[in-house]
Amino acid sequence: RSVLQRSHVLRNEMIHFTSNLHNYIMFEVLETSWERLVSTLNSAGDLDEIVKAHDEYLDNIIQKSLLGLKTCAESSSDFVSPTSLPSPTFVGPDTGLLKYKLYALFDIIIRFCSLQERLYTRILEHVHKLDVMQQNIYERTQAGKWGIDETMNEVEQEEDLKLEQKRI
C-alpha cells in the first residue's frame, strides 16, 4: 500500500509541476507577448515593421518558454545588463542544457504515468479475479459443496499463467 501512496504523491507532484509550467507559459509568456505584439502592430507604419514585430513576437515566445534558450556566447556580442533580461534569468553557461533537461523530465513523467497506469490495471485485474473467486466460493458453499476444490486451483493456476504472460 505504501508504494501506491508514494506513486500517487509523486504523480501529484508531477501534475503540480506541469500545471505551474503551463500557467507560466500561458500567462507570463503568451499573454504578455501577445499584448506587446498587438501594441506594436497598432503603431506599425508599414509591412516591414509588421514582419519585424511578428518575428520579435515569435522569438520572444520561444526564448521565454524555455525552448530556445541561448548561452551568453550565443547571445549578441553587446553587453546585456542583468536588469534588461526577462525574469527569471536563464542566460548562463549551462542554459543550453536546461531545454534538454526539461525534455528529459517530461519523458520521465510520461513513462512514470504509463508505468503507474499499468500497475493500476494489474491491481484491478487481480482484485477482479479475487472478487470472482469469492463469488464462486460463495455459490459453491450455498450449494452445499466445498468452497474450493482441485478444479478451482487448476483454473487459478491457468489464470495466473495468463496474467504472467501478459506481463512479459
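Figure 1. With a relative accessible area of 33%, L41 counts as partly exposed, a class that lies between buried (under 20% relative accessible area) and exposed (over 50%), worked out with a 1.4 Å probe and the protein chains only. This view, like the others, shows a predicted model, in which local features need a pLDDT of at least 70 and side-chain atom pairs count only at pLDDT 80 or more, while totals for chains, interfaces and linings use all residues. Residues are numbered from 1 along each chain as its sequence is written, and side-chain values use heavy atoms, with hydrogens and water left out. L41 belongs to helix α1, and together with L47, I50 and V51 it makes a nonpolar surface patch of about 330 Å². Patches are made of residues with over 30% relative accessible area and no salt bridge, where nonpolar side chains (Val, Leu, Ile, Met, Phe, Trp, Tyr) are joined within 5 Å and like charges within 9 Å; the accessible areas come from the Shrake-Rupley method with a 1.4 Å probe, and for residues only the protein chains shown count as cover. Helix α2 gives the largest share of this patch, with 3 residues.

**Figure 2. Helix α1 along its length.** The protein has 4 helices and 0 strands, where helices (H or I, at least four residues) and strands (E, at least two) are DSSP runs numbered from the N terminus. Helix α1 takes in residues 2–43, which makes 42 residues, and it reaches 60 Å from its first C-alpha to its last, close to the 62 Å expected at 1.5 Å a residue; the expected span is 1.5 Å times one less than the number of residues in the helix. At L30, helix α1 bends by about 25 degrees, the bend at a residue being the angle between axes fitted to the seven residues ending there and the seven starting there. The buried residues of this helix are S7, M14, L21, V29, S33 and L37, and in the protein as a whole, buried residues make up 18% of the 168 residues.

**Figure 3. Two of the aromatic pairs.** The structure holds 3 aromatic pairs, in which rings of Phe, Tyr and Trp (its six-membered ring) have their centres within 6.5 Å, with planes under 30 degrees apart counted as stacked, over 60 as edge-to-face and the rest as tilted. The rings of W34 and Y57 have centres 6.0 Å apart and planes at 70 degrees, so this pair is edge-to-face. It links distant parts of the chain, since W34 is in helix α1 and Y57 is in helix α2 (residues 47–64), 23 residues apart. W34 counts as partly exposed at 48% relative accessibility, whereas Y57 counts as buried at 15%. Y100 and Y103 also form an edge-to-face pair, with 6.4 Å from centre to centre and 65 degrees between the planes, and both residues lie in helix α3 (residues 95–142), 3 residues apart, or about one turn of the helix.

Figure 4. Side chains of opposite charge can pair when their charged atoms come close. A salt bridge here is a side-chain nitrogen of Lys or Arg within 4 Å of a carboxyl oxygen of Asp or Glu, and a search of the whole structure finds 3 of them. In the salt bridge of E117 with R11, the closest N and O atoms are 3.5 Å apart, and the pair links distant parts of the chain, with E117 in helix α3 and R11 in helix α1, 106 residues apart. E117 is partly exposed at 46% relative accessibility, and R11 is partly exposed with a relative accessible area of 21%.

Figure 5. K52 and E56 both lie in helix α2, 4 residues apart, which is about one turn of the helix, and they form a salt bridge in which the closest N and O atoms are 3.9 Å apart. K52 counts as exposed at 53% relative accessibility, while E56 counts as partly exposed at 46%. In helix α3, R111 and D107 are likewise 4 residues apart, about one turn of the helix, and their side chains meet in a salt bridge of 3.2 Å, N to O. R111 counts as exposed at 52% relative accessibility, and D107 is partly exposed at 39%.
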